[in-house]
Amino acid sequence: MKKKVFLTRRLHDFAIKELKKRYQIEIHSGKIPIPQSKLRSKIKDVDGLICFPYDKISQEVIDSAKNLKSISTYSVGFDHIDTEYAKIKKIRVGYTPEVLTDATADLAFSLLLDISRRVSEGDRIIRDGKWREIYGAFDYVGVDLQGKTLGILGLGRIGSTLAKRAKAFDMKITYHNRKRISKTKEKSLNAKYVSFEKLISDSDFISIHVPHTKETDQLFDMKIFKKMKESAFLINTSRGKVVNEKDLVVALKKKIISGAALDVFEFEPINKNHPLVKLPNIVLAPHIGSSTKETRMKMAEITVKNLDLGIKGKKPIYSVGY
Ligand code: DGY
């Protein structure tokens, strides 16, 4: 009898075809994310689970799946999975880094360009029929990137790729990591290591590339915004919970910082009445860091491979913890 696999959302046809060769699969349709009670009942006797960032895979969920051997998430982030508990239960957890590095760095840089040159704001101005109101020499100006300091918090795969983009735009690059990278790599990226405090106080743009953990939860709050330059912009393509959104709204309203560009939010999806949506000095993207045709296909391929390996009791290509 074929082993069972549950998917909390549909993947590309080629991936579904591949899965069907080896497994009896069931795909959740309907409300996204799947309600927790439904998820628990659907995975009772599955061997494998394919999930997405909005699916909370808690201890309780893991405990409801008696045969589970493999959890494969269609994402680089895995903060939605209790990986510690999965490890205790000897369940393999796979994720999809590397293949989405370029796409996510591209998005971070396009947010940076957008907020610095006010592209989305201009789009709104035209759609609202207000172009004639911004003819003056000082109206509606952006800022240059050349010579400005980009502070990258978390110079890992995505942060380093962003640094390459910024180098081509003649930006000064500083970074802060828990662990300093090699001097050779620093030299090739033209990136200077600085303390967290210096990164906050000296950057013209700060781009966040750290995972959401206990240590980074709500890291960017009013205390931090007050230490940033008034002219500074915040870019976040990592996880929304790294930023205290209530404080960010106040910081943007009171012009404590100049602007922000976000692809991720504390609770997703946000709706059109969210306080951030009312602000002019912000660019909002609906969590599309990895969302290119090519990248999403590669992610699907890795997700299936990770799942297969985990079900066989082997380490996934990209494995968390166990
Ligand atoms: C991920 O894969 O975790 C990203 O947030 C998706 O854009």
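**Stop one: a ring cluster**

Select Tyr-95 to begin: its relative accessibility is 14%, under the 20% cut-off, so Tyr-95 counts as buried. Keep in mind that you're looking at a predicted model.

How do the rings of Phe-78 and Tyr-95 sit together? Their planes make 85° and their centres are 5.0 Å apart, so this is an edge-to-face pair. Phe-78 belongs to the loop between strand 4 and helix 4, while Tyr-95 is in the loop between strand 5 (92-94) and helix 5 (101-117), 17 residues apart. Bring in Tyr-318 too: with Phe-78 and Tyr-95 it makes up one aromatic cluster.

**Stop two: another pair**

The structure has seven aromatic pairs. For one of them, pick Phe-52 and Tyr-74: this pair is tilted, with 45° between the planes and 5.0 Å from centre to centre. Phe-52 sits in the loop between strand 3 (48-51) and helix 3 (59-63), and Tyr-74 in the loop between strand 4 (70-73) and helix 4 (83-88), so the pair ties together parts 22 residues apart in sequence. Both Phe-52 and Tyr-74 are buried.

Switch to cartoon view and find the open sheet: seven strands, paired in parallel, in the order 8-7-6-9-10-11-12. At its edges are strand 8 (191-193) and strand 12 (282-284), each pairing on one side only. From one strand to the next, the twist averages 20°.

Last, select residues 157-168: this is helix 7, which packs on the sheet and touches strand 6 (149-153), strand 7 (172-176) and strand 9.

Terms used. Residues are numbered from 1 along each chain as its sequence is written. This is a predicted model: local features need pLDDT of at least 70, side-chain atom pairs count only at pLDDT 80 or more; totals for chains, interfaces and linings use all residues. Side-chain values use heavy atoms; hydrogens and water are left out. Two strands pair if DSSP finds at least two bridges between them. Helices (H or I, at least four residues) and strands (E, at least two) are DSSP runs, numbered from the N terminus. Axes are lines fitted to C-alpha atoms, for helices over the stretch in contact, and angles run from 0 to 180 degrees between N-to-C directions. Contact means heavy atoms within 4.5 Å. Rings of Phe, Tyr and Trp (its six-membered ring) pair if their centres lie within 6.5 Å; planes under 30 degrees apart count as stacked, over 60 as edge-to-face and the rest as tilted. Buried means under 20% relative accessible area, exposed over 50%, partly exposed in between (1.4 Å probe, protein chains only).
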